[in-house]
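Welcome! Take a moment to look over the sequence and the model below, and then we can walk through a few of its details together.

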Amino acid sequence: MARVYLNKTQQEIKEAADKVKELPPLAAVVNKKKKSLKPKEKKVQVNEHTGVTYSCGQCPETFDSYDKYLDHHCPTMNCTPRDPQYMGEGYEKIQAAALERGSNQKND
Amino acid sequence: MAATVTISETNGVGATVTASITNTNMGSTDAVNLDPGTYPISAGASSYEKYQRLNVTNLGGSLKINNLKVWRTGALGGAATHKTNARTSGYSNASYATPVNTTSVVATQTMPTSVPSTANLGIGGSLSGEISAPGFSDYLVHQIQTNVADASGATCTQNYQYDEIA
């Protein structure tokens, strides 16, 4: 009985070894997985220009991105483009009028 | 605090954006803040088109900017006309193209001379569009078209109006 058992085991081992031979090399599996990875796409904001130059207009500085323009300190206006003073003289009146129109719009 | 808004202009083949213009002088060159004395428009000719947008650099705590209206106040010289793509109906947004000084095929509407009753410049291609993060409106395209009999130009005011919803 023991001998028969041993023979069966040897047969199983042989079948298993054959199956292993049929498997592709591990490196090939890894490479295949690498190739199937898709590159991540960069999302571009609406109305954002890419590959263009942004000039401040108030000072002579130029920038290769909108964000860099927004972050710069304009020496002419002595503020950043995000600051209300950047709108120039009378900015408070312009802002107040815009807010009032917006308020009226909400009430209509 | 409220939103910070400027008028930007785009020029040239490379679409260089000047984020905050100081004037909208119209003339015989494609340049921002041009000197009309240096670049006058010959009688019978057209100015270079202007491609301008509202540039919202900061919402300042407000929710959105909308309801954009543009118009001119002040008479033009001679029989000149002021054309634009701004319109209150049948609107479609203009893509940037290198400005030309031939008769514009984009600016085909007469620039209003009083505040329009509804928006005539869009955001994201729609007159009911909104700006809710730093960015730009659609392009306002406008051009002065003169008459051969015109003797001199004029100084006018170009108005740009937006509403701000806090």
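Predicted model: local features only at pLDDT ≥ 70, side-chain atom pairs only at ≥ 80, totals over all residues.

Let us begin with one residue.

Where does B:Glu49 sit? You will find B:Glu49 in the loop between strand 2 and strand 3 of chain B. Is B:Glu49 buried or exposed? B:Glu49 counts as buried because its relative accessibility is 4%, and the cut-off for buried is under 20%. The side chain of B:Glu49 also makes a polar contact of 2.5 Å with the side chain of B:Ser104. B:Ile21 lies 28 residues from B:Glu49 in sequence, and their C-alpha atoms are 15 Å apart.

Now for the place where the two chains meet. Chain B brings 35 residues to the contact and chain A brings 27 residues. Together they bury about 2,400 Å², with 52% of it on carbon and sulfur atoms. Between the chains there are 18 residue pairs in polar contact, both at pLDDT 80 or more. On the side of chain B that touches chain A, 15 residues are nonpolar, 17 are polar and three are charged.

Strand 1 of chain A (residues 54-55) pairs with strand 2 of chain B in the parallel sense, over two bridges. Within this pairing, A:Ser55 has B:Thr18 as its bridge partner. The interface also holds one salt bridge.

Here are two side-chain pairs with their distances:

| Pair | Kind | Distance |
|---|---|---|
| A:Arg101 and B:Asp163 | salt bridge | 3.0 Å (N to O) |
| B:Glu49 and B:Ser104 | polar contact | 2.5 Å |

Definitions and conventions:
Residues numbered from 1 in each chain as written. Chains lettered and ligands numbered in written order. Heavy atoms only, no water. Contact = heavy atoms within 4.5 Å. Buried area = accessible area lost by both parts, 1.4 Å probe. Salt bridge = Lys/Arg side-chain N within 4 Å of Asp/Glu carboxyl O. Polar contact = N/O pair within 3.5 Å; in protein donor to acceptor, adjacent residues only side chain to side chain. Nonpolar A, V, L, I, M, F, W, Y, C, P; charged D, E, K, R; others polar. Pairing = 2+ DSSP bridges. Helix = DSSP H or I, 4+ residues; strand = E, 2+ residues; numbered from the N terminus. Buried < 20%, exposed > 50% of the residue type's maximum accessible area, 1.4 Å probe, protein only.
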